[in-house]
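These are my notes from one sitting with the sequence and the model. I wrote down what I looked up, one topic at a time.

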Amino acid sequence: MTEPVAVLTGFGRSLRDEGLAVGTGRIIRFCRAASLLEPRDLYWAGRATLVSGPRDVPIYDRVFASFFGSY
């Protein structure tokens, strides 16, 4: 079984690999936000912590869908 933190950090790394400015601090904030919210809110936790601006949204959406399915 994959640990949730490993999945979330892998998601952050994949966003970084796609060119988003996702550093360690943002990934930590994402993991903290995800731990406080219902699973259905994971998409928005990531949008709030990992996306810098409107140009990042299409990349975020594509990578999110590949990791977690539709939201």
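How are helix 2 and helix 3 oriented to each other, roughly parallel or roughly antiparallel? Before answering, I noted the ground rules. The model is predicted, so local features need pLDDT of at least 70 and side-chain atom pairs count only at pLDDT 80 or more, while totals for chains, interfaces and linings use all residues. Residues are numbered from 1 along each chain as its sequence is written, and side-chain values use heavy atoms, with hydrogens and water left out.

**Entry 1: helix 2 and helix 3**

I looked up the angle and found about 150°, with the axes 9 Å apart. Axes here are lines fitted to C-alpha atoms, for helices over the stretch in contact, and angles run from 0 to 180 degrees between N-to-C directions. Helix 2 and helix 3 are therefore roughly antiparallel to each other.

The crossing of helix 2 and helix 3 is right-handed. A crossing is left-handed if the near helix is turned anticlockwise from the far one by less than a right angle, and right-handed if clockwise.

Next I listed the residues in contact, meaning heavy atoms within 4.5 Å. Helix 2 brings Arg26, Ile27, Arg29, Phe30, Ala33 and Ala34, and helix 3 brings Leu42, Ala45, Gly46, Thr49 and Leu50. By class, I recorded seven nonpolar, two polar and two charged residues in the contact of helix 2 with helix 3. Ala, Val, Leu, Ile, Met, Phe, Trp, Tyr, Cys and Pro count as nonpolar, Asp, Glu, Lys and Arg as charged, and the others, Gly among them, as polar.

**Entry 2: helix 1 and helix 2**

Helix 1 covers residues 4-17 and helix 2 covers residues 24-36; they pack at about 140°, with axes 10 Å apart. Helix 1 and helix 2 are therefore oblique to each other. I found their crossing to be right-handed. On the helix 1 side, Leu8, Thr9, Phe11, Gly12, Arg13 and Arg16 meet Thr24, Ile27, Phe30, Cys31 and Ala34 of helix 2. I sorted the residues of this contact into six nonpolar, three polar and two charged.

**Entry 3: helix 1 by itself**

Does the length of helix 1 agree or disagree with its 14 residues? At 1.5 Å a residue, helix 1 should span 20 Å, and its end C-alpha atoms are 20 Å apart, which agrees. The expected span is 1.5 Å times one less than the number of residues.

I then looked for buried residues of helix 1 and found Leu8, Thr9, Gly10, Phe11, Gly12 and Leu15. Buried means under 20% relative accessible area, exposed over 50%, and partly exposed in between (1.4 Å probe, protein chains only). What covers these buried residues includes helix 2, helix 3 (42-50) and helix 4 (57-68).

Asp17 is also in helix 1. At 66% relative accessibility, Asp17 counts as exposed. Just after helix 1, Gly19 takes a positive phi of about 105°.

**Entry 4: helix 1 and helix 4**

I read an angle of about 145° for helix 1 and helix 4, with their axes 10 Å apart. Their crossing is right-handed. Val7, Leu8, Gly10, Phe11, Ser14 and Leu15 in helix 1 meet Ile59, Tyr60, Val63, Phe64, Phe67 and Phe68 in helix 4.

Val63 is placed in helix 4. At 4% relative accessibility, Val63 counts as buried. Leaving aside neighbours within four places in sequence, Val63 is in contact with Phe11, Ser14, Leu15 and Glu18. Val63 and Gly19 are 44 residues apart in sequence, and their C-alpha atoms are 11 Å apart in space.

Is Leu50 buried or exposed? Leu50 is found in helix 3, and at 0% relative accessibility it counts as buried. Leaving aside neighbours within four places in sequence, I found Leu50 in contact with Phe11, Leu15, Leu20, Val22, Arg26, Ile27, Phe30 and Tyr60.

Last, I checked Ile28 in helix 2. Ile28 is partly exposed, with a relative accessible area of 39%.

Notes
Helix = DSSP H or I, 4+ residues; strand = E, 2+ residues; numbered from the N terminus. Parallel < 35°, antiparallel > 145°, perpendicular 65-115°, else oblique.
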